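Please keep the sequence and the structure in view while reading.

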Amino acid sequence: MSARLGPYAERFAALAVANVTREYPYAPQRLLRGPEDLVPPRTYHPAFYGSYDWHSSVHMHWLLVRLLRRCPDRVPTDTVIGVLDGHLTAAHLTAEADHLLAHPSFERPYGWAWLLALTAECRALDGDVKSGDVKSGALKDAGERWADALAPAADAVAELLRCWLGKAAYPVRHGVHTNSAFALGLVLDSASAAGLAALTGPVERSLMGWFAHDRDAPVHWEPSGQDFLSPALTEAEAVCRVLPREEFATWLERFLPGLADFAGRAGLAGRAPATLLTPPVVTDPADPQIGHLLGLSLSRAAALRRLSAALPDGDPRIPVLAASARDHLAAGLPHAVTGDFTRDHWIATFAALALDGPPGGPGAVRGT
C-alpha cells in the first residue's frame with residue numbers, strides 16, 4: 001500500500017475509469033487527408049479512444065494499473081480489471097501498433113514514453129503479484145496478460161524511438177508535450193521493466209549529447225504561459241537518471257547555480273532560481289491552456305523530489321528542493337479531481353507521479 005497515494009486512490013480510480021471509457025469530446029492528433037478520414041476515434045484507436053486524446057488515454061490507463069499495484073484494497077478491482085481487459089487486448093493493441101508505425105511522428109515523444117510506462121507498470125504488477133507483494137486473487141496473471149498484449153505497440157515505439165534519436169540533432173526544450181527531456185526520462189524509467197533494456201544506451205547517449213555541457217539555465221523565463229512541464233527541471237531530472245551522484249551534484253551546480261542559497265527559505269522572492277521554487281500563479285484554472293499550470297505544480301513536485309533524492313547525503317540543496325516539492329504538491333493536488341473535464345482528463349496522472357514516484361515505482365528514483 002502506498003501511504004501517500006492511498007487516500008486519493010478511490011477518487012483517482014473512478015476518474016480514470018470514467019475518462020478512458022468516455023469517447024467524446026476527443027481531439028484527434030492526425031492529419032485529415034480527405035473526408036474518408038472523418039471517422040470515430042475507436043476506428044483508429046480501439047484501446048485508447050477516450051480521455052480526450054491518445055496520450056491522456058494511455059497515461060490514464062497507466063494510472064489504473066498503478067492503483068491496482070500500489071493500492072489494490074482502495075479501488076474497485078473488478079471494475080478496473082474489466083475496463084483494462086476490454087481495452088488492452090491483443091487485437092486492439094495490434095491496431096494501435098499499426099497506427100503508430102504508419103504515422104511515425106504521431107505522439108512523438110510524449111505519447112510514446114507513456115506507452116512504455118504503461119507496459120512497464122503492467123510488468124511490475126505481474127512481478128509484484130508473483131512475489132506476493134500484491135495479493136493475487138483477481139489480479140493473478142492480469143499484469144502479464146496486459147503487458148503481452150501491449151508488446152507489439154511497445155516494440156513499435158522502440159523502433160520509432162531509435163529512428164528519431166538517430167536524426168534528432170537538437171532537443172525540444174519548451175514546457176509542453178514535445179519536451180524531449182521529460183519523455184526520455186520516462187523511457188529510462190520504463191525501458192528495462194517493459195522488456196526493452198536495449199533502449200537505455202541510445203537514450204542516455206542522446207541526453208548526454210544534448211545536455212551534458214549545459215550551464216546557467218534561463219530560469220527567469222519560467223514559467224511560460226501554458227507550461228505543464230518545467231524545461232529546466234525536466235532536463236535536470238533526466239540528467240540525474242544518467243550521471244553518478246557526485247557527478248550529478250557538480251552538473252547541477254553549473255546548471256542551476258545558487259540553489260543552496262535558499263536554505264532556510266529566506267530572501268526567496270525575486271532571485272533566480274526562485275521562479276522554479278515557488279508554485280506558479282494560475283489565474284483561470286478552467287482555461288485549457290492556463291490550466292496547464294496546475295499540472296506544472298505537480299510535475300515540478302515530482303521532479304524536485306527526485307532531484308533531492310539524487311544528491312549526495314548532506315548536500316545543502318536537499319532541504320531546499322524537498323521544501324519546494326511540498327509547496328508545489330500542496331498547490332496542485334486540490335485540482336486533480338474537480339468535475340471539470342478540461343482538467344480531469346489528465347491532471348490526476350501527474351498527481352500520482354508527485355505522490356508516488358516515477359512510473360517504475362519509488363525504487364526507480366536513483367539512490368532510494
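Helices (H or I, at least four residues) and strands (E, at least two) are taken here as DSSP runs, numbered from the N terminus.

## Basis and confidence

This is a predicted model, in which local features need pLDDT of at least 70 and side-chain atom pairs count only at pLDDT 80 or more, while totals for chains, interfaces and linings use all residues. Residues are numbered from 1 along each chain as its sequence is written, and side-chain values use heavy atoms, with hydrogens and water left out.

The predictor's confidence in each residue, pLDDT, runs from 0 to 100; its average over the chain is 93, and 94% of the residues score at least 70. Over residues 361–368, however, pLDDT stays under 50, and for this stretch the model has 22 contacts beyond four places in sequence, a contact meaning heavy atoms within 4.5 Å.

A nonpolar core is understood as a set of buried Ala, Val, Leu, Ile, Met, Phe, Trp, Tyr and Cys residues joined through side-chain atoms within 4.5 Å, where buried means under 20% relative accessible area, exposed over 50%, and partly exposed in between (1.4 Å probe, protein chains only). The largest such core has 120 residues, and those with the most contacts inside it are Phe48, Trp146, Phe248 and Leu256. Helix H7 (residues 142–167) supplies the largest share of this core, with 13 residues.

Phe248 also belongs to helix H11 (residues 245–255), where Phe248, Ala249, Trp251, Leu252 and Phe255 are buried. These residues are on the same side of H11 because they cover an arc of only 165° around the axis, the arc being that of the directions from the helix axis to the C-beta atoms. Among the elements that cover the buried residues of H11 are helix H9 (200–211), helix H10 (231–240), helix H13 (292–310) and helix H14 (317–332).

Leucine 256 touches Ala217, Val219, Ala232, Leu233 and Leu276, if residues up to four places away in sequence are not counted. Alanine 217 itself lies in the loop between H9 and H10 and counts as buried, because its relative accessibility is 13%. With residues up to four places away in sequence again left out, alanine 217 touches Ala232, Phe255 and Leu256.

## Aromatic and charge–ring contacts

Rings of Phe, Tyr and Trp (its six-membered ring) are paired if their centres lie within 6.5 Å, and planes under 30 degrees apart count as stacked, over 60 as edge-to-face and the rest as tilted. A search of the whole structure finds 17 aromatic pairs. One of them, formed by tyrosine 110 and phenylalanine 182, is stacked, with 6.0 Å centre to centre and 25° between the planes. This pair links distant parts of the chain, since tyrosine 110 is in helix H6 (residues 110–131) and phenylalanine 182 in helix H8 (residues 180–190), 72 residues apart.

A charge is said to sit over a ring if NZ of Lys or CZ of Arg is within 6 Å of the ring centre and within 35 degrees of the ring normal. Arginine 22 lies over the face of phenylalanine 341, at 4.0 Å from the ring centre, and the charged end of arginine 42 sits over the ring of tyrosine 49, 3.9 Å from its centre.

## Loops and backbone geometry

Tyrosine 24 and proline 25 are joined by a cis peptide bond with omega about 0°, and proline 25 is placed in the loop between helix H1 (9–20) and helix H2 (41–44). A cis peptide bond also runs from arginine 108 to proline 109, with omega near -5°; proline 109 is found in the loop between helix H5 (90–102) and H6. Glutamate 107, in the loop between H5 and H6, has a positive phi of about 60° although it is not a glycine, and it counts as buried at 11% relative accessibility.

Tyrosine 52, in the loop between H2 and helix H3 (54–70), has a positive phi of about 85° although it is not a glycine; at 31% relative accessibility, tyrosine 52 counts as partly exposed. Histidine 345, in the loop between helix H15 (341–344) and helix H16 (347–356), is in contact with Asn19, Ser51, Tyr52, Asp53, Ser56 and Met60, leaving aside its neighbours within four places in sequence. Histidine 345 counts as buried at 9% relative accessibility.
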